[in-house]
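Here are my notes on the model, as numbered points. Please read them with the structure open.

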Amino acid sequence: MVGPLKPESMDFGATRRTALGLILGAPLLGACAGVQQSLSQFGSQPGAEPSGPKQEPLAVGTGQVKVGLILPLSAAGNAGVAAQSMKNAAEMALAEFQNPNIQLLIKDDGGSPQGAQQGTQQALEEGVEIILGPLFAASVPATAQLARARGVSVIAFSTDSSVAGRGVYLLSFLPESDVNRIVEYSAASIGKKSFAALLPENAYGTVVEASFKQAVARRGGRIVAFEKYGGDRATPARTVAQALGSADALFMADDGDSVVTVADALTAAGANLKNIQLLGTGLWDNPRVYASPGLQGGLYAAPDPSGFRSFSARYRAKYSADPVRTATLAYDAVALVAALARTQGPQRFSSDVLINPSGFAGIDGLFRFRADGTNERGLAVMRVGSGGGVPVAGSPKSFGA
């Protein structure tokens, strides 16, 4: 059991513990359908170019500790919608945290690396001590280069692990966490040792493949069949279906629509999916999956949904709208820096503080940053049912040693 981050007297008050739930010295993990899909929408590909003029600089709060927040507020389409929701969530965190000593300097990068560079430069000139964002992977290096030169840490929201690194930490839902959790659970808790896998031939599938093979090896398991698919799902499905007799678990990681199609292809190839334990990632949190007869009883890793439900209710009460799924990232980032500013003194945003092995507890559960800038989350294990996901194993309460 890992102890809490010092000082031990740290306390964010009862409202913080119940409403915000971000308590230092706890673990977290997560994976969400709208966040991880293809590592693209908010991850490994650049966002839409700005659709209009940059918004005027905005400062929220009156605290002494200046924090930069870089989001694609003027980007077109879903990116701009997500950015506005994340901005709302960041302001909500400030409002709910008790008397934070934070001033949030919000910069619009328009969804481009050039915009991120400009926003970062402005924020640094205005004296920020840490930068939250950007959202797009293509924009993170532009921010990182300038921030590193000033010795300023960055907590970005990209799902692309390749942009993490020294002083650049990702507070996002990384697919690696999903894979590790579901393989660990299937091996340690339900005794699965022989795995088959069917994955998409795309960026998401590549990341998941590496994590899956490492996780199975770590548990002493074996992979009896492994195939990837592009446009043709029938041929890989036939190959895997023929090998299922020697496997006791089948891992499929794709978005809801695609995983249903893959399951149908396996059934058409003669596989009886009721005779094998199906495993997936947080992308399975999708109505199409719950409605699929072939996927009933499948297990997947995801954040405990209760945290997001509570957050969403408070967000709706404040903004009369539903938050995007990534809004919790901005909320947790602001709550984290507010807590560190209150408790950690001059070294509040140093690497030693940020990579505390005990981690932190946010809306979606426990999380901790690794020295390489990626994160680890404490996820629940959910079972697919016709009415939605049903928890079968809760999120861990702390990170193991």
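1. Helix H6 spans residues 140-149, and its buried residues are Val-140, Ala-142, Thr-143, Ala-144, Leu-146 and Ala-147. What covers them includes strands S3, S5, S6 (153-156) and S7 (168-170), along with helix H5 (113-125). After H6 comes Gly-151, with a positive phi near 70°. Keep in mind that this is a predicted model.

2. Of its 7 residues, 6 are buried, so the rest of the structure largely encloses S3. S3 pairs with S4 in the parallel sense, over 7 bridges. Within that pairing, Lys-66 stands opposite Gln-103 in S4.

3. Which residues touch the most other members of the largest nonpolar core? They are Leu-104, Leu-132, Phe-157, Phe-311 and Phe-369, in a core of 48 residues. Several elements each supply at least two residues of this core: strands S3 (65-71), S4 (102-108), S5 (130-132) and S14 (365-369), and helices H4 (77-96), H12 (305-319), H13 (327-343) and H14 (351-354). H13 gives the largest share, 13 residues. As a general rule, nonpolar side chains in soluble globular proteins tend to be buried together.

4. Leaving aside neighbours within four places in sequence, its contacts are Ile-155, Tyr-169, Leu-170, Leu-171, Leu-336, Leu-354, Ile-355, Phe-360, Thr-374 and Asn-375. Another core lies apart from the largest one. This other core has 31 residues, including Ala-243, Val-262, Leu-278 and Tyr-300.

5. Helix H9 covers residues 234-243 and has Pro-236, Ala-237, Val-240, Ala-241 and Ala-243 buried. Down the axis of H9, these buried residues fall within an arc of 160°, so they line one face of the helix. What do the buried residues of H9 pack against? Their partners are strands S8 (194-200), S9 (222-229) and S10 (249-252), plus helix H10 (256-268).

6. Now the rings. The structure holds 11 aromatic pairs. One of them joins Phe-195 and Phe-212, edge-to-face, with 6.1 Å centre to centre and 85° between the planes. This pair links distant parts of the chain: Phe-195 is in strand S8, Phe-212 is in helix H8 (residues 203-218), and 17 residues separate them. Both Phe-195 and Phe-212 are buried.

7. How far apart are the ring centres of Phe-360 and Phe-367? They lie 5.6 Å apart with planes at 45°, so the pair is tilted. Phe-360 is buried, at a relative accessible area of 0%. Phe-367 is buried too, with a relative accessible area of 0%. Elsewhere, ring pairs link Phe-308, Phe-311, Tyr-315, Tyr-319 and Tyr-331 into a cluster. Phe-311 is also among the residues that touch the most other members of the largest nonpolar core.

8. The charged end of Lys-213 sits over the ring of Phe-226, 4.5 Å from the ring centre. The charged end of Arg-368 sits over the ring of Phe-399, 4.1 Å from the centre.

9. Strand S16 (residues 380-385) has 5 of its 6 residues buried, so the rest of the structure largely encloses S16. S16 pairs with strand S12 (residues 299-302) in the antiparallel sense over 4 bridges. There, Tyr-300 stands opposite Met-382 in S16. Tyr-300 also belongs to the core of 31 residues.

10. S16 has another partner, strand S17 (residues 388-393). These two strands run antiparallel and are joined by 5 bridges. They form a hairpin with 2 residues between them. Gly-385 has Gly-388 in S17 as its bridge partner.

11. Finally, Ser-189. Is Ser-189 buried or partly exposed? Ser-189 is partly exposed, with a relative accessible area of 48%. Ser-189 is placed in the loop between helix H7 (175-188) and S8. Its C-alpha atom is separated by 9.6 Å from that of Ala-393, though the two residues are 204 residues apart along the chain.

Definitions and conventions
Residues numbered from 1 in each chain as written. Predicted model: local features only at pLDDT ≥ 70, side-chain atom pairs only at ≥ 80, totals over all residues. Heavy atoms only, no water. Buried < 20%, exposed > 50% of the residue type's maximum accessible area, 1.4 Å probe, protein only. Arc of directions from axis to C-beta. Contact = heavy atoms within 4.5 Å. Core = buried A, V, L, I, M, F, W, Y, C linked by side-chain atoms within 4.5 Å. Phe/Tyr/Trp six-rings, centres within 6.5 Å; stacked < 30°, edge-to-face > 60°. Lys NZ or Arg CZ within 6 Å of the ring centre and 35° of its normal. Pairing = 2+ DSSP bridges.
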